Amino acid sequence: MRHESALLNVIDVEATCWDGPPPPGSVHEIIEIGLTVVDLSARRRVSRHRVLVRPARSAVSDFCTELTGLTQAEVDRGVTFAEACRILVEEYAAGERSWASWGEYDRRQFARQSRADGVAYPFGRPSDTHTNAKAVFASAYGLRRKPGMDHALRIAGLPLEGRHHRGEDDAWNIAALVLDLLGRGAWPVGSPSPA
């Protein structure tokens, strides 16, 4: 049995987006949550998951479909944001486990949407449980600019697996970068790093 504190949730979200400003009355909403569980002690990715989320105040644009591959029909079969947060807490211990994302966007989007929808934020306090993997990577590699995930994979000599801008695949790839950082002794095991 794995010790729970050795497990890290790596999360990447995709949200409704447009080539320009949102249409009147629309807001960015999470439509996919990609999650890879990493066993930091065993230094491996142990599982990958995908939760599709049905938007309530926006629609999937053609631009968004081109970027992510997700269609309105596909996300219409998803769960509500409240249900997605319940799944994160009950099935992936989101309230107890530390988690990481590439940058701060995912953390901020969860906070914004939780407030807007009146849903409890599914993670522990952001300053206590979240690690900005992009910032850790830039520091570990001595980079002045924080690279995008696909560029970071090239820098680390790792392959891009799956489709970029697909939450499930991006979470899997970010988890590979976390393991690279762990192997370099740069991952802040035990406590999340500051942004």
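Colleague: What pattern does the chain follow, read along the sequence?

Modeller: The pattern is β-β-β-α-α-α-β-α-α-β-α-α-α. That gives 8 helices and 5 strands. Helices (H or I, at least four residues) and strands (E, at least two) are DSSP runs, numbered from the N terminus. This is a predicted model: local features need pLDDT of at least 70, side-chain atom pairs count only at pLDDT 80 or more, and totals for chains, interfaces and linings use all residues. Residues are numbered from 1 along each chain as its sequence is written, and side-chain values use heavy atoms, with hydrogens and water left out.

Colleague: What radius of gyration does the chain have?

Modeller: It is 16 Å, which agrees with the value near 16 Å for a compact globule of 195 residues. The radius is taken over C-alpha atoms, and the globule rule is 2.2 Å times the number of residues to the power 0.38. The C-alpha trace spans about 45 × 35 × 25 Å along its principal axes.

Colleague: What percentage of the residues is buried?

Modeller: Buried residues make up 51% of the 195. Buried means under 20% relative accessible area, exposed over 50%, partly exposed in between (1.4 Å probe, protein chains only).

Colleague: Now I11. Where does it lie?

Modeller: I11 lies in strand β1. It counts as buried because its relative accessibility is 0%.

Colleague: Which residues does I11 touch?

Modeller: Leaving out residues up to four places away in sequence, its contacts include I33, L35, W99, D106, F110 and A171. Contact means heavy atoms within 4.5 Å. I11 and D170 are 159 residues apart in sequence, yet 8.4 Å apart in space, C-alpha to C-alpha.

Colleague: D106 and F110 are in which helix?

Modeller: Both are in α4, and both are buried. R107, Q109, A111, Q113 and S114 of α4 are buried too.

Colleague: How far does α4 reach?

Modeller: Helix α4 (residues 105-117) has 13 residues and reaches 18 Å from its first C-alpha to its last, close to the 18 Å expected. The expected span is 1.5 Å times one less than the number of residues. Just after α4, G118 takes a positive phi of about 65°.

Colleague: Switching to S26. Buried or exposed?

Modeller: S26 is buried, because its relative accessible area is 19%. It sits in the loop between β1 (7-15) and β2 (30-39).

Colleague: What does S26 touch?

Modeller: W18, R57 and S58, not counting residues up to four places away in sequence.
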